[in-house]
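Welcome! Take a look at the model below, and then we will walk through it together, topic by topic.

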Amino acid sequence: QVQLVESGGGSVQAGGSLRLSCAASRYDVRRNCMGWFRQVPRKERDRVAEIYTGDSSTYFNDTYYADFAEGRFTISQEGKIAVYLQMTSLKPEDTAVYYCAAGIWSGGSGSWCIPYDWGQGTQVTVSS
């Protein structure tokens, strides 16, 4: 199993920026995507952004963004074992624990990263 370690969370005022990082312990050929999810207490874990890290030209660097992330968050990957989430114009409703995941790209239209491995999470708190 791949170990994922997140960093970069913290507290920021509304309108500010944070950059989350996630590093995998090793490359796993069975994993071809990475992504970020977030969760607040008593609610389900939501998708935030995902990126294809595999070798298929069809999906090369394909990304997914949740509606709330579009235009404010940017996901990027490095060497198939690290993923970043640049978050700008942060709002209090972005407050959550952010989890990194590695998984398998679903393929087809509306592709998404099916998560198999999870990090421990990093807290992001945005104050008004």
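Let's begin with a cysteine pair: Cys22 and Cys100 form a disulfide, with 2.0 Å between their sulfur atoms. This pair links distant parts of the chain, since Cys22 sits in strand β3 (residues 18–24) and Cys100 in strand β9, 78 residues apart. Keep in mind that you are looking at a predicted model.

**Disulfides**

- A disulfide is a covalent bond between the sulfur atoms of two cysteines.
- The count here comes to 2 disulfides.
- The link of Cys22 and Cys100 is left-handed, with -75 degrees about the S-S bond.
- Cys22 and Cys100 are each buried.
- Cys33 and Cys113 form a disulfide as well, and their sulfur atoms are 2.0 Å apart.
- Cys33 belongs to strand β4 (residues 33–39) and Cys113 to strand β10 (residues 113–118), so this pair ties together parts that are 80 residues apart in sequence.
- The link of Cys33 and Cys113 is right-handed, with 80 degrees about the S-S bond.
- Cys33 and Cys113 are both buried.
- If you count the bonded cysteines along the chain, the disulfides follow the pattern 1-3, 2-4.

**An open sheet**

- Strands of a sheet pair through backbone hydrogen bonds, either parallel or antiparallel.
- Here, 4 strands make up an open sheet in the order β1-β3-β8-β7, with antiparallel pairing.
- At the edges lie β1 (4–7) and β7 (73–78), each of which pairs on one side only.
- From one strand to the next, the twist averages 15 degrees.
- Strand β7 is joined to strand β8 (residues 82–87) by 6 bridges, and the two run antiparallel.
- To find this pairing in the model, look for Phe73, which stands opposite Met87 in β8.

**Strand β11 and its partners**

- Strand β2 (residues 10–13) runs parallel to β11, and 4 bridges join them.
- Gln13 is found opposite Ser127 in β11.
- Strand β9 (residues 96–105) pairs with β11 in the antiparallel sense, over 3 bridges.
- Val97 has Gln123 in β11 as its bridge partner.

**Salt bridges**

- Side chains of opposite charge can pair when their charged atoms come close.
- The structure holds 6 salt bridges.
- In one of them, the side chains of Asp28 and Arg30 meet at 2.9 Å, N to O.
- Asp28 has a relative accessible area of 6%, which is under 20%, so Asp28 counts as buried.
- Asp94 and Arg38 also meet through their side chains in a salt bridge (2.9 Å, N to O).
- That pair links distant parts of the chain: Asp94 is in the loop between β8 and β9, and Arg38 is in strand β4, 56 residues apart.
- Asp94 forms a salt bridge with Arg72 too, where the closest N and O atoms are 2.8 Å apart.
- Arg72 lies in the loop between β6 (63–65) and β7 and Asp94 in the loop between β8 and β9, so their pair ties together parts that are 22 residues apart in sequence.

Methods. Residues numbered from 1 in each chain as written. Predicted model: local features only at pLDDT ≥ 70, side-chain atom pairs only at ≥ 80, totals over all residues. Heavy atoms only, no water. Pairing = 2+ DSSP bridges. Disulfide = S-S within 2.5 Å. Buried < 20%, exposed > 50% of the residue type's maximum accessible area, 1.4 Å probe, protein only. Axes fitted to C-alpha atoms, helices over the stretch in contact; angles between N-to-C directions. Salt bridge = Lys/Arg side-chain N within 4 Å of Asp/Glu carboxyl O.
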